[in-house]
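I opened this notebook to keep track of what I looked up, one topic at a time.

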Amino acid sequence: MPTKLYVGNLAYAVTQEDLAELFGQAGKVESAVVVTDKFSGQSRGFGFVEMVEAADAATAIQTLNDTDLKGRRIKIDEARASTGPRGGGGGGGGGGRGGDRNRW
């Protein structure tokens, strides 16, 4: 089962191919994605790499974490499961002061 890794502190010049090549040193890469802004297309400074084997993911964390990639020291950790859009949670809130009409 593939293991997904979070890769942070990426230089804006880093491409998906750069990530795949770097992580390929630790084992077989299933996929590599640099997250970009949907309007500008510019990198948001982080991405995700899926390693085919969990042992390869552990090797990648151990050997590549805090190494230099295009002038920035990258941070690698196991990705956490998403809890929905933008981390999920949060309520609507708001609403009027309906019951306070006669207060003044």
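My entries below go from the overall layout to single residues.

**Ground rules.** I am working on a predicted model, where local features need pLDDT of at least 70, side-chain atom pairs count only at pLDDT 80 or more, and totals for chains, interfaces and linings use all residues. Residues are numbered from 1 along each chain as its sequence is written, and side-chain values use heavy atoms, with hydrogens and water left out.

**Layout.** I looked up the secondary structure and found 2 helices and 6 strands in the protein chain. I take helices (H or I, at least four residues) and strands (E, at least two) as DSSP runs, numbered from the N terminus. The order from the N terminus is β-α-β-β-α-β-β-β.

**Burial and surface.** I sorted residues by relative accessible area: buried is under 20%, exposed is over 50%, and partly exposed is in between (1.4 Å probe, protein chains only). Of the 104 residues in the protein chain, 28% are buried. The chain exposes about 7,300 Å², and carbon and sulfur atoms supply 47% of that area. These areas come from the Shrake-Rupley method with a 1.4 Å probe; for residues, only the protein chains shown count as cover.

**Contacts.** I count a contact when heavy atoms lie within 4.5 Å. How many of the contacts between residues at least 6 apart in sequence join residues at least 24 apart? The share is 60%.

**Core.** I searched for nonpolar cores, meaning sets of buried Ala, Val, Leu, Ile, Met, Phe, Trp, Tyr and Cys residues joined through side-chain atoms within 4.5 Å. The largest one has 19 residues, and V7, L10, L19 and F23 have the most contacts inside it. At least two residues of this core come from each of β1, α1 (16–23), β2 (29–36), β3 and α2. I then listed the neighbours of V7, leaving out residues up to four places away in sequence. V7 touches L19 and F23, then G45, F46, G47 and V49, and also I74, K75 and I76.

**Helix α1.** Which residues of α1 are buried? They are D18, L19, L22 and F23. They span an arc of only 115 degrees around the axis, so they sit on the same side of α1. I take the arc from the directions that run from the helix axis to the C-beta atoms. An α-helix has 3.6 residues a turn, so residues three or four places apart point the same way. The exposed residues E17 and E21 are on the face of α1 turned away from its buried side. The cover over the buried residues of α1 includes β1, β2, β3, α2, β4 and β6.

**Aromatics.** I pair rings of Phe, Tyr and Trp (its six-membered ring) if their centres lie within 6.5 Å; planes under 30 degrees apart are stacked, over 60 edge-to-face, and the rest tilted. There are 3 such pairs in the structure. One is Y6 with F48, edge-to-face, at 5.9 Å centre to centre and 65 degrees between the planes. Y6 is in strand β1 (residues 3–8) and F48 is in strand β3 (residues 43–51), so this pair ties together parts 42 residues apart in sequence. Y6 is partly exposed at 32%, and F48 is partly exposed at 24%. F46 and F48 have ring centres 6.0 Å apart and planes at 90 degrees, so they too are edge-to-face. F46 counts as buried, at 18% relative accessibility. Y6, F46 and F48 make up one aromatic cluster. I also checked for charges over rings (NZ of Lys or CZ of Arg within 6 Å of the ring centre and within 35 degrees of the ring normal). The charged end of K4 sits over the ring of F48, 5.1 Å from its centre.

**T3.** Next I checked T3, in strand β1. T3 is buried, at 12% relative accessibility. Beyond residues up to four places away in sequence, T3 touches V49, E50, M51, E53, A54, A57 and E78.

**D77.** D77 lies in strand β6 (residues 75–78) and is partly exposed at 49%. Leaving aside neighbours within four places in sequence, D77 contacts L5, Y6 and I61.

**Positive phi.** Where does D66 sit? D66 is in the loop between α2 (54–64) and β4 (68–69). Although not a glycine, D66 has a positive phi of about 65 degrees. K70, also not a glycine, has a positive phi of about 55 degrees and lies in the loop between β4 and β5 (72–73). I noted D66 as partly exposed at 31% and K70 as partly exposed at 47%.
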